[in-house]
Amino acid sequence: MLGQDEIWRILSLAQEACHADANQVSLIAEDSGLTRFANGGIHQNVAERNAVLQVKAILGKRTGYVETNALDEESVRTAAQTAVEFARLAVENPNYVDLPGPNAQTQGGAQWDEATAACSPEARADLVGQVLAEAEPQAVVASGSLSTAGIERAVMNSRGLRAYYRNTETHLVVACTKATGNGWAERHSPWLHDISAASAAKEAVQGCLSAQEPQAIEPGDYPVVLMPYAVEDMLQTLGWMGMGALAVQEQRSWMAGRIGEQLAGANVSVWDDGLDPRGFVRPFDPEGVARRRVDILKDGVALGPVYDSLTAHKEGRQSTGHATSALGNWGPSPANLVMPGADDALEDLLRRMGRGLLVTRFHYTNVIHPIETTFTGMTRDGTFLVEGGQIVRPVKNLRFTQSILGALNAVEAAGRDVRLFQHTLCPPLLIHSFHFTGGTDF
Amino acid sequence: MDHILEAALSAARDAGGAYADGRVVERRSQSVSVKNGAVDVLSEGTDRGFGVRALCNGAWGFASSRTLSVDEAARVGREAVAIARASARHAKAHIELSPRSPATAEWESPCRVDPFSIPVAEKVALLIDTDGRMAGIDRLAVRESSIHSNRETKLYRDSDGARIVQTTTETGCGVECIAAEAGEVQQRSYPAFEGDWRQAGWEFVEEQDLAANAERTAREAVLLLDAPDCPSDVRTLILADSMLALQVHESCGHPIELDRVLGMEASFAGTSFLTTEKLNGFRYGSPFVNITADATIPGGLGSFGFDDEGVAAQCEPVVKDGVFTGYLTSRETAPVVGRASMGAVRADGWNRLPMIRMTNISLLPGDSSLADLIRGTERGILVDGVRSWSIDDRRLNFQFACQWGRLIENGQLTDVVKNSTYTGRTPDFWGSCDGIAGPSEWRVWGVPNCGKGEPMQVGHVGHGVSAARFRNVRVGVKA
């Protein structure tokens with residue numbers, strides 16, 4: 001890691017060399033390690049040390065942008081000067097908006113754990129060993145990955161904004177395979193000590209053993225219980241389809257022209273909150289703007305998208321702190337989606353469903369129509385037929401072609417097992433109709 | 001930069017590494033885009049560093065750093081070996097590498113006009129002109145045109161004595177149009193979704209003639225708003241251009257990656273139905289179907305002189321007369337099928353582990369033409385333009401959405417339709433192929449965004465295709 005003092009020194013140097021009307025300089029530094037295992041053993045194991053400087057130079061309403069990971073003084077000066085040169089060559093942008101001013105909230109919210117940041121490959125290997133120890137006695141083949149990282153982010157600009165935070169991350173995924181079926185588990189946390197490799201392995205092993213010898217089932221409409229892994233995929237896809245203001249302004253979002261309308265069931269709420277301590281806290285965005293909680297769907301009503309500086313300016317609003325890049329051309333996007341859970345255990349959801357399918361997770365989802373929120377994908381790593389509220393047998397994977405808002409209009413209940421993912425907190429859902437359009441061989 | 005790798009490899013050897021290889025990679029990239037009349041992006045990036053892969057106790061370790069100093073190189077060399085030792089604590093397989101002669105070579109991709117020598121102002125002016133051709137078209141919500149240039153210089157050395165220097169220049173460009181009105185949004189791209197790319201210089205941008213194609217692209221997007229939906233039935237499907245490139249990518253390119261077949265990607269993007277017992281016997285497609293993995297195509301986005309294990313670029317028959325005959329392999333995996341590596345290992349920059357990636361996976365041309373394929377179709381649909389893609393975790397069941405559809409009745413193109421989709425099962429689909437357009441219509445498309453691995457690596461690959469026809473395909477899948 002570079003540390004705050006070194007980062008401020010580099011950013012100050014870049015600012016001094018950036019002879020423009022205004023500037024924004026930012027830096028992301030990351031030390032990370034990732035251990036992959038497959039076929040019951042570690043097969044890939046990597047470490048990386050990197051830091052990237054980003055310089056945005058502004059002349060009038062013209063912007064130039066440069067990135068570099070060469071951080072010696074000459075390279076930093078060159079980057080700043082090139083950004084200015086690019087700004088000189090640009091055409092005036094009528095949509096230009098002033099850089100954000102100082103944000104009082106941008107210094108806090110650290111989730112830093114020295115043990116996670118300094119995690120050795122031996123420590124990662126030991127945790128992987130715990131996974132393998134759960135799988136091997138069951139003759140189950142385990143695959144997956146365990147990653148640890150320490151990350152620093154800082155933004156300064158010529159209006160006096162100065163923001164820094166550092167955090168740690170740990171991510172574990174476990175996939176188990178045996179003969180004719182698979183199981184899955186994920187764990188995510190800022191803190192390595194929060195990750196129970198054995199617990200994740202038990203979940204994946206049990207799922208795998210339950211998924212053996214699946215039978216084909218006819219595609220069609222089924223009630224479903226979606227595990228949080230599948231719900232997370234669905235919410236992220238919905239976010240990508242149009243929870244950002246640029247997509248709304250360009251009329252390619254499902255929210256365009258429909259803000260204030262009831263688009264999902266009254267029992268469905270989704271918000272974004274980068275300060276929720278249950279998730280990965282991200283106190284400010286790449287423009288240095290403090291993140292605010294944004295209610296996107298409240299009791300099923302669309303309340304509006306998230307904003308960055310540019311899209312907010314177009315509507316005379318304040319940014320909600322959801323820029324996705326220092327340059328700002330991609331438009332804003334949610335970064336910490338939250339869907340609340342309720343009271344039911346998974347068994348309660350299955351009992352309420354009676355007959356239907358339990359879906360562990362989705363695979364390779366993609367958008368078919370962003371206005372209709374239609375997406376497609378496959379089920380994966382455990383799909384089960386439920387009858388009389390009990391799992392009766394595994395079924396072969398199915399392809400679905402389904403409107404996400406249609407699914408969110410058919411939610412009967414949310415479960416209490418709210419899980420954390422890198423950008424989402426969400427529960428399992430009971431949905432009374434989900435449209436499956438095909439099957440596969442396994 | 002030889003001294004960096006010398007220090008790193010020396011440290012790896014002293015730390016007990018049985019084998020090590022290293023790469024110093026420097027990348028420069030530049031992007032210019034104009035969106036709705038304004039310059040949206042004018043950016044440049046530089047990225048440099050080195051990575052070392054070491055084998056110790058039969059297991060791999062990989063470490064990397066952006067700091068190009070001898071001391072840091074030695075630290076990273078030692079770290080790679082330490083990571084390999086940690087891997088070995090729970091490694092299942094004892095890695096043996098297929099043999100190859102260590103090469104000393106230099107290679108450079110074709111580039112007639114250095115794209116970085118073209119003034120940025122000229123690029124902006126070209127895109128402003130392109131944008132202006134689309135301005136004022138009713139119901140066009142987004143018009144965006146872009147030009148991208150990349151250059152990568154890579155020094156490879158290994159403990160066997162190989163030393164290879166490669167310089168690759170890539171150029172990409174394109175136009176994206178989104179038409180929208182209440183409740184509907186449609187898209188058209190030129191020359192392909194997110195542009196087309198080639199290992200080439202500025203001459204590639206000139207060949208594409210963005211300005212001349214912009215208005216047609218925009219008007220097609222608007223036309224789609226009023227078009228009827230793709231019918232929902234089973235009919236003959238003709239895949240054109242970049243849509244067929246995607247089909248090859250997803251249903252052939254990924255399933256022939258031998259690391260995926262062997263389960264090394266099981267926890268991420270999945271495995272493959274092309275298991276090893278199928279080699280040289282499995283009927284992948286009809287006798288019309290011939291596919292190669294060819295890293296030697298000049299200008300192909302998946303071309304190189306040597307892969308990141310120092311293996312020379314080759315052309316491997318993957319499907320011959322419809323029968324599956326070959327994999328994409330590495331030095332580690334090739335011995336499993338009794339072969340030497342065919343050279344398909346690449347890393348996404350200095351900070352990523354080299355792994356099996358597609359090269360240029362191409363459907364070889366047939367003896368027909370697009371016009372003849374249409375003439376020979378009684379009831380069908382011609383689709384083009386990628387909109388979305390999805391395939392199961394063994395690469396069997398797929399469903400793709402297309403930007404543009406034209407119905408075919410009695411050998412004639414008829415109505416334009418929107419929201420075209422089609423679905424199928426990979427060997428059934430390729431088994432239904434009954435015609436492929438000829439060499440004069442064959443083009444290598446560049447795909448700069450192929451994701452694989454953890455941490456994620458973005459691969460640059462190519463696909464040569466000419467239009468092909470498939471019988472009895474389910475189209476128009478509805479939610």
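## Interface between chains A and B

In chain B, 68 residues are in contact with 77 residues of chain A (contact: C-beta atoms, placed from the backbone, within 7 Å). Strand 2 (residues 38-56) of chain B gives the largest share of the side that touches chain A, 12 residues. That side of chain B holds 33 nonpolar, 21 polar and 14 charged residues. Here Ala, Val, Leu, Ile, Met, Phe, Trp, Tyr, Cys and Pro count as nonpolar, Asp, Glu, Lys and Arg as charged, and the others, Gly among them, as polar.

This is a predicted model; local features need pLDDT of at least 70, side-chain atom pairs count only at pLDDT 80 or more, and totals for chains, interfaces and linings use all residues. Residues are numbered from 1 along each chain as its sequence is written, while chains are lettered from A and ligands numbered from 1 in the order in which they are written.

## Strand pairing across the chains

Strand 2 (residues 41-59) of chain A pairs with strand 3 (residues 59-65) of chain B, parallel, over four bridges. Pairing requires at least two DSSP bridges. Strands (E, at least two residues) and helices (H or I, at least four) are DSSP runs, numbered from the N terminus. Arg49(A) has Ser65(B) as its bridge partner in strand 3 of chain B.

## Helix packing

Helix 4 (residues 121-135) of chain A packs on helix 2 of chain B at about 15°, axes 9 Å apart. The two helices are therefore roughly parallel (angles under 35 degrees). Axes are lines fitted to C-alpha atoms over the stretch in contact, and angles run from 0 to 180 degrees between N-to-C directions.

Technical notes:
Contact = placed C-beta atoms within 7 Å. Parallel < 35°, antiparallel > 145°, perpendicular 65-115°, else oblique.
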